[in-house]
Amino acid sequence: MADNSMMTDQRNIMKFDPKDHEIALSTEDLHVYYGKSEALSEGDLQFERYKITALIGPSGSGKSTYLRSLNRMNDRIANVTGKIMYRGLDINSNDIDVYEMRRHIGMVFQRPNPFAKSIYENIAFALRQRGVNNKQELDEIVEQSLRQAAMWDQVKDDLNKSALALSGGQQQRLCIARAIAIKPDILLLDEPASALDPVSTSQIEDTLLELKQNYTIIIVTHNMQQASRISDYTAFFNLGKVLEYSETGDIFTNPQVDLTNDYISGNFG
Amino acid sequence: MNAKRIDKIATGVLYAVAAFVVIILIALLGYILIQGVPHISWHFLTSPALAFEAGGGIGIQLFNSFYLLFLALLISLPISLGAGIYLNEYAPQNTLTGLIRTTIEILSSLPSVVVGLFGYLFFVVQFKLGFSILSGAFALTVFNLPILTRSIEDALANISDNQREAGYALGLSRWETVTKIVVPAALPSIITGVVLSAGRIFGEAAALIYTAGQSAPALDFGNWNPFDISSPLSPLRPAETLAVHIWKINSEGIMPDAKAVSAGASAVLIIAVLLFNFLARWLGKRLYKHLTAE
């Protein structure tokens, strides 16, 4: 069990570096209701800074609901109670400017959703809406974001082409580039690779591992291998509850809850 | 009978029905065009109508039709756009919204002659606008609003919610998302809807007979001061349109070449409406292509 000992080592190292334990986001007593039915009842997690946390669980387990509540994308369709703490602020409060908050907590969706605009405009558009009008500055951010999303070399000559002409995998990476262009702190990803082929999926995973250096990433995934490949922590959701939350290595090699074991070995879900 | 046979018969019947519709349409268009096109000339399109002699044209009526169309769209487009955006993007799903939708549907099925009489009582008499371009433009607005609102609402509803979510996730407000993402993405179908409604307005007669009036006084095309009553731009002058002119000639025309003028005018009207329809398809396709690919 060489792998296992390495995990233990890593854990020890982390314990000695307080910086690594900085909490970027956490929830307290979070409940989500769709009408009268409760979609999430026990889901209090803390997300460590500059780490990838994977949320796994069967369909309908509440993991996407939880993720979408974190930047209040569920505001209009669900009732979310409890606290979401970000930098000492409860961002689930009514006093929060949600538009401003979402610039700190970005999101990438399951289906690639580029705007019906050029590749360049897809990225520059939101920046311009926030007053970045300097052409040179915009050019720089566009290039930088596309590089970070590992697609600059493929599209640098086609920046004025419509984003809708890109392949699904490229569209999704454009969406990641678009999300990081506004320099959020935290990136939420809702099954970002589930609609993509294996090659695009592994490219997106590489991109996420790169981004981890500067972003706290929370990703919902149905793909066990993906969770174990890229995440540092994993939370297992079932029936609106978090049943287990620990380091990814532990969850996959030594789950404490029988249901987790059943799920990761493919017995249900 | 087996399923295959029934399918064959059904297919045949459907083909026959479709062919019947197409044949009627082609026969109608063909008849109007064959009767009217020989009469169309530059002189016919530009000179004023003559009441008692042969050789009159439809110049003023043609200009009136376009001017009224322009004014009606100028008034109805912003209102419809606002109403469409409200209904699709902002309105909560409750009884009030349902009531508004029902009202719009009822309005859109109102016979145009009723709209015309309403326009007569309301704009011509009550607001003392007289038989004028303005009365006509308002009547056409009433006629056009419900249909245009509906088509804009549909165009917006066809834009996937994931586009809105993409906007919100970037920290854009609802207003920014609607105006900068949703409306531009819906633009091809909005424009198609506007041009199609333009075709309907252009051919409308009943709503205008009692509002824009049935006379086309001579215009001074050298005078572009909108406050002068003889100026083509004057919104307070009576303005018989092409469609009204056709109705007028056929009911009480006494010029010797009434039949020919009527046929020519009908052909021009049909051609214009067809052009609007082709333009709508072409523009919509082109804009869509422009938005989705290089």
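How many residues of chain A are in contact with how many residues of chain B? The legends below take up this question in a predicted model and then turn to each chain.

**View 1. The contact between chain A and chain B.** In this predicted model, 21 residues of chain A are in contact with 19 residues of chain B. On the side of chain A that touches chain B, at least two residues each come from helix 3 (98-102), strand 7 (105-108), helix 4 (119-129) and helix 7 (168-181) of chain A, and helix 3 of chain A gives the most, with three residues. By class, the residues on this side of chain A are 11 nonpolar, four polar and six charged.

**View 2. Helix 4 and helix 5 of chain A.** The axes of helix 4 of chain A and helix 5 (residues 135-148) of chain A come within 10 Å and cross at roughly 125 degrees, which means that helix 4 of chain A is oblique to helix 5 of chain A. The crossing of helix 4 of chain A past helix 5 of chain A is right-handed. Helix 4 of chain A contributes Y120(A), I123(A), A124(A) and L127(A) to the contact, while helix 5 of chain A contributes L138(A), I141(A), V142(A) and S145(A); seven residues of this contact are nonpolar, one is polar and none is charged.

**View 3. Chain B.** The secondary structure of chain B consists of 11 helices and zero strands, and its C-alpha atoms fill a box of roughly 70 × 65 × 40 Å along the principal axes. Of the 294 residues in chain B, 38% are buried, and among contacts in chain B between residues at least 6 apart in sequence, 74% join residues at least 24 apart.

How values were computed:
Residues numbered from 1 in each chain as written. Chains lettered and ligands numbered in written order. Predicted model: local features only at pLDDT ≥ 70, side-chain atom pairs only at ≥ 80, totals over all residues. Contact = placed C-beta atoms within 7 Å. Helix = DSSP H or I, 4+ residues; strand = E, 2+ residues; numbered from the N terminus. Nonpolar A, V, L, I, M, F, W, Y, C, P; charged D, E, K, R; others polar. Axes fitted to C-alpha atoms, helices over the stretch in contact; angles between N-to-C directions. Parallel < 35°, antiparallel > 145°, perpendicular 65-115°, else oblique. Left-handed = near helix turned anticlockwise from the far one by under 90°. Buried ≥ 20, exposed ≤ 12 C-beta atoms within 10 Å, placed from the backbone.
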